[in-house]
Amino acid sequence: YTLARNRLIDHWRSQRGLHVTSLEDEAISERMLDELAAETGGGGNDPLALTINMQLAQRLQAAVAGLPGAQRDAFLLHVEAGLALDEIAHVAAAPVETIKSRLRYAYGKLRGALEDLR
């Protein structure tokens, strides 16, 4: 899980400025999973892999949705948009130390919610 997560973060950082699409639309989610599987050399047509990836994406989405708003915003700006701490602080109109705390708490809550995946 950690390897896949880090690879996804690296992918999004390399695609700076790319339009991010919601995972709530199933057709888009399936297409994105196929593309990710093709990029990583996985079998894009493997039903088991697709099912597992979809379930993991849904669990992660539910865990992120369960975060308090300020933590969720900081987390998504950091991970999805690839913004640096000072950029997030500017967007959120909050001190950098507050953003660090929000991210630390968000990561802790997400780790706790997804602990059984280790």
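**View 1. Pro-68 in a loop of the predicted model.** Pro-68 is partly exposed, with a relative accessible area of 36%; this term covers values between buried (under 20%) and exposed (over 50%), for a 1.4 Å probe and protein chains only. Pro-68 belongs to the loop between α3 (47–65) and α4. Helices are DSSP runs of H or I with at least four residues, numbered from the N terminus. From C-alpha to C-alpha, Pro-68 and Tyr-105 are 9.8 Å apart in space, and 37 residues apart in sequence. The model is predicted: local features need pLDDT of at least 70, side-chain atom pairs count only at pLDDT 80 or more, and totals for chains, interfaces and linings use all residues. Residues are numbered from 1 along each chain as its sequence is written, and side-chain values use heavy atoms, with hydrogens and water left out.

View 2. Gln-71 lies in helix α4 and is buried, with a relative accessible area of 11%. Leaving aside neighbours within four places in sequence, Gln-71 is in contact (heavy atoms within 4.5 Å) with Arg-102, Tyr-105, Ala-106 and Lys-109.

**View 3. Arg-104 and the ring of Tyr-105.** Arg-104 lies over the face of Tyr-105, 5.3 Å from the ring centre. A charge sits over a ring if NZ of Lys or CZ of Arg is within 6 Å of the ring centre and within 35 degrees of the ring normal.

**View 4. The aromatic pair Phe-75 and Tyr-107.** Rings of Phe, Tyr and Trp (its six-membered ring) pair if their centres lie within 6.5 Å; planes under 30 degrees apart count as stacked, over 60 as edge-to-face and the rest as tilted. By this rule there is one aromatic pair. The ring centres of Phe-75 and Tyr-107 are 5.3 Å apart and their planes stand at 75 degrees, so the pair is edge-to-face. This pair links distant parts of the chain, 32 residues apart: Phe-75 in helix α4 (residues 69–79) and Tyr-107 in helix α6 (residues 96–113). Both Phe-75 and Tyr-107 are buried.

Note on methods
Helix = DSSP H or I, 4+ residues; strand = E, 2+ residues; numbered from the N terminus.
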